[in-house]
Amino acid sequence: MTDPEAAAALLRAGGLVAFATETVYGLGGDARNGAAVAGIFAAKGRPHFNPLICHFAEAEAAFAEIIPDARARALAAAFWPGPLTMVLPRHPRSRVDLLAGAGLDTLAVRVPAHPGAAALLRAAGLPVAAPSANRSGRVSPTTAAHVMEELSGRIAAVLDGGPCAVGVESTVLDLSGAGAVLLRPGGVPRAAIEAVIGPVGVALPINAGPAPTLRSPGMMLSHYAPSLPLRLAAGEVRGDEALLAFGPALPGAAITWNLSQGGDAVEAAARLFSGLRWLDAEGARLGLRGIAAQAVPDEGLGAAINDRLMRAAAPR
């Protein structure tokens, strides 16, 4: 496909479209649409819910979804459009679905420089969540043919923008704290960033088992877990508990959020973070003792859901 308007229509309808950026091809979905975002994880076979980078046509559109500071605005003026991703606090009124940010209080945002990507984002008029358009763990694609080798039959279309000029992923810089931290080296060198905002630290290597969940692209998850205790693989539920259901709901809960009455893992993934937050807030308001979670089969996106639930239930 070579028509950005047609590709944008597919995105607005909830479809997945791969598109060229100056770095690598991205696998795009409407970042506001939880089902589309879950579809990205499913298409890639992504093993757990790492945050996704959200792409925008211009800096002000990105800044509407996050809380920028002077550093972010200076870097945007210097490097956007371009291969720099910035991680910043999520705006309270952000339209981006919680799953795109892995349920965290930060979002990773970028304005790509590729003319085809810019045309697609302008035509779509929405934030586009887009990791690299390849199966998880495989080599990132730099041509439309690479995308089709990896994802044919799993996505709606590829917007062919020719070979990618940079060929490596964007630099990811965390600006969510007082100090700037380089999470992933990429198309913008660290020295160039330091010339604009001063010293930049480097994230410590992750050492949390074979499949850590990341706080942002390049950093381990440490933020969101419910304040109420979470009990996994519940076979029954008490009257003073909230229930996170999957499939037919267990009887007896004070309140229930069903991830998917039909047992659909993609639907469940799209509803996971919203459900945890709602049960936590409403359960606390009602004085409940905890949240019971029904078992989710550990297959496909079920493995990612279970990874997140195990972390949310861990002692803290």
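This is a predicted model: local features need pLDDT of at least 70, side-chain atom pairs count only at pLDDT 80 or more; totals for chains, interfaces and linings use all residues.

Trainee: Which way do strand S4 and S5 run, parallel or antiparallel?
Mentor: Strand S4 (residues 84–89) and S5 run antiparallel, joined by four bridges. Look for Met86, which stands opposite Val109 in S5.

Trainee: How many residues of strand S5 are buried?
Mentor: Use the cut-off: buried means under 20% relative accessible area. Five of the five residues of strand S5 (residues 106–110) pass it, so the strand is largely enclosed by the rest of the structure.

Trainee: Which residues of S5 lie on each side?
Mentor: General idea again. In a regular strand the side chains alternate between the two faces of the sheet. In S5, one side holds Thr106, Ala108 and Arg110. The other holds Leu107 and Val109. All of these are buried, and both faces are covered.

Trainee: How do strand S1 and strand S2 pair?
Mentor: In the antiparallel sense. Strand S1 (residues 17–20) and strand S2 (residues 25–30) share four bridges. Find Phe19 and you can find its bridge partner in S2, Gly26.

Trainee: What is the order in the open sheet of four strands?
Mentor: It runs S13-S16-S14-S15, with parallel pairing. Strand S13 (230–231) and S15 stand at the edges with a single partner strand each, so one side of each has no neighbour in the sheet.

Trainee: Which strands does S14 pair with?
Mentor: Take them in turn. S14 runs parallel to strand S16 (residues 290–293), with four bridges between them. There, Leu244 stands opposite Ala293. S14 also pairs in the parallel sense with strand S15 (residues 255–258), again over four bridges. On that side, Ala242 stands opposite Ile255, and Ala245 has Asn258 as its bridge partner.

Trainee: Is strand S14 mostly covered or mostly uncovered?
Mentor: Mostly covered. Strand S14 (residues 241–245) has five of its five residues buried. Check its faces: Glu241, Leu243 and Ala245 are on one side, Ala242 and Leu244 on the other, and all are buried.

Trainee: What about helices? Where is Arg308, and is it buried or exposed?
Mentor: Arg308 sits in helix H9 (residues 301–313). Its relative accessibility is 1%, so Arg308 counts as buried. Compare Ala118, in helix H5 (residues 115–124). At 14% relative accessibility, Ala118 is buried too.

Trainee: How far apart in space are Ala118 and Val181?
Mentor: Separate the two kinds of distance. In sequence, Ala118 and Val181 are 63 residues apart; in space, C-alpha to C-alpha, they are 27 Å apart. For Arg308 and Ala249, the figures are 59 residues along the chain and 20 Å between C-alpha atoms.

Trainee: Now the whole chain. How many helices and strands does it have?
Mentor: Nine helices and 16 strands. The radius of gyration is 20 Å, close to the 20 Å that the globule rule gives for 316 residues, so the chain is as compact as a globular protein of that length. The C-alpha atoms fill a box of roughly 60 × 45 × 35 Å along the principal axes.

Trainee: What share of the residues is buried?
Mentor: Buried residues make up 53% of the 316. The chain exposes about 12,600 Å², and carbon and sulfur atoms supply 55% of that.

Trainee: And what separates the mean positions of the positive and negative charges?
Mentor: There are 26 positive and 26 negative charges, and their mean positions are 4 Å apart.

Notes. Residues are numbered from 1 along each chain as its sequence is written. Side-chain values use heavy atoms; hydrogens and water are left out. Helices (H or I, at least four residues) and strands (E, at least two) are DSSP runs, numbered from the N terminus. The radius of gyration is taken over C-alpha atoms; the globule rule is 2.2 Å times the number of residues to the power 0.38. Buried means under 20% relative accessible area, exposed over 50%, partly exposed in between (1.4 Å probe, protein chains only). Accessible areas come from the Shrake-Rupley method with a 1.4 Å probe; for residues, only the protein chains shown count as cover. Lys and Arg count as positive and Asp and Glu as negative; His and the chain ends are not counted. The place of a charge is taken as NZ of Lys, CZ of Arg, CG of Asp or CD of Glu. Two strands pair if DSSP finds at least two bridges between them.
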